[in-house]
Amino acid sequence: MQTLPVAVIGGGPVGLAAAVHLLARGIEPVVLESGPSVGTATRAWGHVMMFSQWRYNVDKAARALLEQHGWAPPDDDAYPTGRQLAEQYLEPLAALPEIAPRIRLNARVTAIARAGVGKVRTTAREAAPPMAPLSSNSPKPACSSPA
């Protein structure tokens, strides 16, 4: 079986941090974000100040990768708004050469199923790799991830 990327559903703080952690372990991720940019959900409440400081909203591995590329972190004690989180953390992280080619925007996951297996009982169904079919506005018709 060929090596398949791990599908990370969502290009917000958790999804992008997951991609960084996967890369650090030598695992190929693909980040599937349903919106037109990373942090789409965060931007929806962009005017609202978060109840936790920057120090609790920036993943340590993501911070290290950003700093390798010259990122200057915000004040750890400040409270960002959703917009600031998206613009000062998620956008720079998503733009890094390690992350950018692995992000698929406007990629709505419509289901998760096993590759080549229907929903009825199939012998060895659990051994088939999961598939994440995407909506028609996605740049790729489907994304696979290892079981």
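A salt bridge here is a side-chain nitrogen of Lys or Arg within 4 Å of a carboxyl oxygen of Asp or Glu. With that in hand, here are the close-ups. This is a predicted model, where local features need pLDDT of at least 70, side-chain atom pairs count only at pLDDT 80 or more, and totals for chains, interfaces and linings use all residues. Residues are numbered from 1 along each chain as its sequence is written, and side-chain values use heavy atoms, with hydrogens and water left out.

**View 1. Arg-63 and its partners form a salt-bridge network.**
Arg-63 pairs with Asp-76, and their closest N and O atoms are 2.8 Å apart. That pair links distant parts of the chain, since Arg-63 belongs to helix H3 and Asp-76 to the loop between H3 and H4, 13 residues apart. (Helices are DSSP runs of H or I with at least four residues, strands are runs of E with at least two, and both are numbered from the N terminus.) Arg-63 also meets the side chain of Glu-67 in a salt bridge, at 3.9 Å from N to O. Those two are four residues apart in helix H3, so about one helical turn separates them. Buried means under 20% relative accessible area, exposed means over 50%, and partly exposed is in between, using a 1.4 Å probe and protein chains only.

**View 2. Arg-43 reaches Glu-91.**
Here the closest N and O atoms of the salt bridge are 2.7 Å apart. Arg-43 sits in helix H2 (residues 40–44) and Glu-91 in helix H4, so the pair ties together parts that are 48 residues apart in sequence. Both ends are partly exposed: Arg-43 has 28% relative accessibility, and Glu-91 has 34%. The count of salt bridges comes to five.

**View 3. The largest nonpolar core has 23 residues.**
A nonpolar core is a set of buried Ala, Val, Leu, Ile, Met, Phe, Trp, Tyr and Cys residues joined through side-chain atoms within 4.5 Å. In this one, the residues with the most contacts inside the core are Leu-16, Tyr-89, Leu-93, Ile-99 and Ile-103. Helices H1 (13–24), H3 (60–68) and H4 (82–95) each supply at least two of its residues, and H4 gives the largest share, six residues. Zoom in on Ile-99: leaving aside neighbours within four places in sequence, its contacts (heavy atoms within 4.5 Å) are Leu-16, Ala-19, Val-20, Leu-23, Leu-65, Leu-93 and Ala-94.

With 15% relative accessibility, Thr-81 counts as buried. Which residues does Thr-81 touch, not counting those up to four places away in sequence? They are Gly-46, His-47, Val-48, Met-49 and Met-50.

**View 4. Strands E1 and E2 pair in the parallel sense.**
Together, E1, H1 and E2 make a right-handed β-α-β unit.

**View 5. Residues 138–147 have pLDDT under 50.**
pLDDT is the predictor's confidence in each residue, from 0 to 100. Across the chain the mean is 85, and 76% of residues reach 70 or more. For 138–147, the model has 37 contacts beyond four places in sequence.

How values were computed:
Two strands pair if DSSP finds at least two bridges between them. A crossover is right-handed if, with the strands pointing away from the viewer, the path from the first strand over the helix to the second runs clockwise.
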